[in-house]
Amino acid sequence: MTALSPILKQATPVVVDHAKGCWIHGTDGRDYLDFTTGIGVTSTGHCHPQVVEAAREQVGSIIHAQYTTVMHKPLLELVDKLGGVLPTGLDSLFFANSGSEAVEAAVRLTRMATGRPNIIVFQGGFHGRTVAAATLTTAGTRFSAGFSPLMGGVQMAPFPYAKRYGWSEQQAVDFALAELDYLFATRVAPNDTAAFLIEPVLGDGGYLPTPDAFLRGLRERADKHGIVLVIDEVQAGFGRTGKFWGHEFSGVRPDVLITAKGLASGFPISAIAASAELMGKAWPGSQGGTYGGNAVAAAAACATIDVISEEGLVENARVRGEQLAEGLRRLAEKYPMITDVRGRGLMQGIEFTETGGRGGGELATAVQQATTGHGLLSLTCGPLGNVVRLIPALVVSADEIDLGLERFGAALADVAD
């Protein structure tokens, strides 16, 4: 009998029958409030009618139109629609299938454009599982261990994680920038450095917002040394944080932006955006791929952008995110095993610490498993596995947030007993 790889571990035992909005309906007859959204993918909720109709219509027209062989209308429309939401000046796009592919495309572009070999990443970042993307990932050794040698030319600098160091945010920012400058002086010369690569909110690294002052410090150094600033918006982008892009809080403009996950409400498509001048420095033949920019995925992405705009979902993410964070902070006051609630918008992390002889990772896993029993789907993250992350769809209602908090509280009570 064939079966899935035994290494694939399911976060929940749920088998989906169908799903709609923020709800997954299992084959067990139970209804689950989904605060995982496929790890931040189903941005407009499950099976939004406009997305479903766009995909259905496109399937009846053409499914696969390989976009370096023939062009298709959904991709041209998507390029135009993304132009309305991308930062000013990022007017050239390359499409792929996944976040990892887009990350690797960004690395390839920056090395070709600058003629420099080195990429600097920051501790706790997650950028994917393929060889180059895993090399760039420092959110946990499980992503890169066991298949060395990895890609060369990658250097890691500290991330300004204030709570870990026991400092104020400004102290952590000052330290991380000083250490970056020291790295330039001792390990990797600025004129050998092609790019900085960073998430505006660490994803698998524990749902830590990158301080605005740190992004501004990176922008200053990038400008000074001719380094390309690449911002990985795979998880934090497309309205998730309460702004369309997670880096917007800082006022910093990236040179390259990476997007995937919420781009098409569940269809596999990713992209990198850069200026036409920068993108034009990629070598001929270096960009391509069989399935990149798939017609059905592109049609779904166009519908996703329309829904986000028409339904005011970025603002909804901001307001519902504040509601969720406030409720989680109230729960944290009640349960000492919670030591931090952080995030932006509908991207909230709850950190657990050792209590009653149980480690923070054990507690986070216990709470995550208990939420399923109470009809709420959640996930864990963080290098130590001690963070539960809640990622509702951007369409989530106030009542659904309240219900999610109620069910999360019930799970906490179970574990605390």
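Lys163 and Glu351 join their side chains in a salt bridge, with 3.6 Å from N to O. That falls inside the cut-off of 4 Å, so the pair counts. Keep in mind that this is a predicted model. Lys163 sits in helix 6 (residues 162-165) and Glu351 in strand 12, 188 residues apart, so going by those elements the bridge ties together distant parts of the chain.

**Charged pairs**
- Side chains of opposite charge can pair when their charged atoms come close.
- How many salt bridges turn up by this rule? The count is 15.
- Three salt bridges are found across the interface of domain 1 and domain 2.

**Two domains**

**Where the domains meet**
- On the domain 1 side, 27 residues are in contact with 31 residues of domain 2.
- Between them, domain 1 and domain 2 bury about 2200 Å², and carbon and sulfur atoms give 58% of that area.
- Eleven residue pairs are in polar contact across the interface of domain 1 and domain 2.
- Several elements of domain 1 each bring at least two residues to the side that touches domain 2: helix 11 (313-334), strand 11 (338-343), strand 12 (348-352) and strand 15 (387-390).
- Sorted by class, that side of domain 1 has 14 nonpolar, seven polar and six charged residues.

**Aromatic pairs**
- A pair of aromatic rings is described by the distance of the centres and the angle of the planes.
- Ten aromatic pairs come out of the count by this rule.
- One of them is Phe126 with Phe143, at 4.9 Å centre to centre and 65° between the planes. Planes over 60 degrees apart count as edge-to-face, so this pair gets that label.
- Phe126 lies in the loop between strand 5 (118-122) and helix 5 (131-135), and Phe143 lies in the loop between helix 5 and strand 6 (154-157), 17 residues away.

- Most residues other than glycine have a negative phi, and most peptide bonds are trans.
- Ser148 and Pro149 are joined by a cis peptide bond, with omega about 5°.
- Pro149 is in the loop between helix 5 and strand 6.
- Cys47 has a positive phi, near 55°, and is a residue other than glycine.
- Where is Cys47 found? Look in the loop between helix 1 (37-40) and helix 2 (49-59).

Conventions. Residues numbered from 1 in each chain as written. Predicted model: local features only at pLDDT ≥ 70, side-chain atom pairs only at ≥ 80, totals over all residues. Heavy atoms only, no water. Contact = heavy atoms within 4.5 Å. Buried area = accessible area lost by both parts, 1.4 Å probe. Polar contact = N/O pair within 3.5 Å; in protein donor to acceptor, adjacent residues only side chain to side chain. Helix = DSSP H or I, 4+ residues; strand = E, 2+ residues; numbered from the N terminus. Nonpolar A, V, L, I, M, F, W, Y, C, P; charged D, E, K, R; others polar. Phe/Tyr/Trp six-rings, centres within 6.5 Å; stacked < 30°, edge-to-face > 60°.
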